[in-house]
Amino acid sequence: MKTLFTDCRVVSMQTDVTEQFGYQVQESMMMSVEDGVITGLGSSLNTDGFTVVSLENRLVTPGLIDCHTHLVFAGNRANEFEQRLNGISYQQIAQQGGGILATVQATRQASLETLVQLALPRAKALIRDGVTTVEIKSGYGLTVNDELKMLRAAKRVGREANIHVSTTLLGAHALPPEFAGRSDDYVSLVCNEMIPAVVEENLADAVDVFCEGIAFNKQQMERVFETALSHGLNIKGHTEQLSNIGGGESAAHMGALSVDHIEFIDLRGVEALAANNTVATLLPGAFYFLRETQKPPVDLLRKNRVPMAIATDFNPGTSPFLSLPLMMNMASTLFGLTPKETLYGVTRHAAQAMGLKNKGQLSVGFDADFAVWDVSSPAELSYQIGLSPLHARYLNGVKANDH
Ligand code: DI6
Ligand code: FE
């Protein structure tokens with residue numbers, strides 16, 4: 001199939017965030033797409049053999065990419081929201097067996113079908129804001145079968161909701177109650193059984209670990225990552241969300257695509273990210289919802305030219321928010337990122353955080369996943385929240401009539 005899109009106001013994200021060109025609106029552009037891939041971008045292209053579609057002078061950006069979500073789970077944790085506002089901390093709730101483990105209990109009891117039905121409206125909420133690619137993590141099963149169930153559900157969401165899905169095994173998210181006091185044994189289960197089972201069924205693109213005082217330590221994270229790498233999987237980490245135990249630095253040295261949260265990362269950690277081209281994924285929804293005060297070191301990240309991604313971290317405990325533009329807005333208002341940086345954070349840098357080399361910018365050779373907007377400038381995308389300016393989404397050059 002050959003389609004030529006005309007009358008586009010293109011924001012291509014083609015250049016590094018420190019340059020101007022990629023964020024500049026290029027007026028009156030044409031974009032040709034053949035078999036789902038962008039084959040031309042210019043002010044005048046040959047129309048022979050193409051179906052011509054005018055985008056009527058609307059703004060066109062790469063489809064938005066949410067590079068960190070926990071979209072599949074059962075139950076909700078509104079009760080913990082109340083508890084926290086009555087003075088109990090997230091860590092205390094976790095130590096008392098609530099928190100992640102409350103969602104584990106509900107998710108273990110749910111069938112694959114139920115998990116899909118719960119996740120589909122969540123995916124659709126992201127879609128309404130122009131998301132074309134989403135990463136979905138497991139991590140609320142914590143047995144081989146329940147983690148596989150979550151990942152199968154995530155893949156089905158991609159097929160049924162018309163959105164590209166990458167899956168991440170987060171078996172090392174929390175210590176399940178049946179392994180209390182035996183965290184190394186649980187890590188062995190993740191390494192020796194979960195990862196091979198997931199690889200066998202091709203169910204995950206990456207492996208994630210929650211490296212934190214209330215979760216897994218650095219050595220345990222390293223064991224999981226070594227196993228993942230030996231199976232050819234990408235690695236990424238939840239690190240420095242609540243404290244600094246050196247997870248981000250170590251993950252970067254091991255070649256992590258991204259380290260996520262990183263409110264507590266230090267200079268050594270940031271330098272390790274820079275040296276290894278690891279993306280810093282900022283999750284302002286969790287920062288906001290937990291009413292944290294320690295902000296990620298944005299100036300240090302900028303100074304070291306670390307690419308910053310922004311994601312929803314959608315999950316029932318710390319970020320029950322299904323709006324990527326809201327996260328962009330929060331990244332600006334809470335962390336001081338510019339609208340330009342936040343748009344890079346949900347396109348080019350988010351693609352890098354997922355290891356997707358053909359997504360995140362409008363360039364020849366890239367997948368024709370794009371969003372068409374009723375706005376005049378890209379800053380509007382993260383400015384007004386609650387009334388989506390999305391006109392249409394295209395996945396591989398095909399219009400998705402679903403928002
Ligand atoms: N950090 C988070 O923000 C989520 N997981 C993690 O490791 C929270 C997950 C939850 O509370 O359910
Ligand atoms: Fe998370």
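In this predicted model, a nitrogen atom of ligand 1 lies 3.0 Å from an N or O atom in the side chain of glutamine 241. Such a pair is a polar contact, defined as N or O atoms within 3.5 Å; within protein, one atom must be able to donate a hydrogen and the other to accept it, and residues adjacent in sequence count only if both atoms are side-chain atoms. Aspartate 313 places a polar side-chain atom 3.0 Å from an oxygen atom of the ligand, and the side chain of threonine 318 has an N or O atom 2.8 Å from an oxygen atom of ligand 1. Around the ligand there are 14 residues, of which Arg77, Tyr90, Tyr140, His173 and Thr318 come nearest; a residue is counted if one of its heavy atoms lies within 4 Å.

Residues are numbered from 1 along each chain as its sequence is written, while chains are lettered from A and ligands numbered from 1 in the order in which they are written. Local features need pLDDT of at least 70, side-chain atom pairs count only at pLDDT 80 or more, totals for chains, interfaces and linings use all residues, and side-chain values use heavy atoms, with hydrogens and water left out.

The protein is divided into domain 1 (2-62 + 361-399) and domain 2 (64-353), with bounds taken from an automatic or database domain assignment. Their contact, meaning heavy atoms within 4.5 Å, takes 30 residues from domain 1 and 26 residues from domain 2.

The size of an interface is often given as the accessible area lost when the parts come together. Here the two domains bury about 2200 Å², 60% of it on carbon and sulfur atoms; this area is found with a 1.4 Å probe and summed over both parts. In domain 1, Met13, Val17 and Arg393 lose the most area to domain 2, together 28% of what that side buries.

Across this interface there are 12 residue pairs in polar contact, both residues being at pLDDT 80 or more, but 0 salt bridges. A salt bridge requires a side-chain nitrogen of Lys or Arg within 4 Å of a carboxyl oxygen of Asp or Glu.

The whole structure contains 17 salt bridges. One of them joins arginine 108 to glutamate 178, with the closest N and O atoms 2.8 Å apart. Because arginine 108 lies in helix H3 (residues 100-109) and glutamate 178 in the loop between strand S7 (164-172) and helix H6 (183-200), the pair ties together parts that are 70 residues apart in sequence. Helices (H or I, at least four residues) and strands (E, at least two) are DSSP runs numbered from the N terminus.
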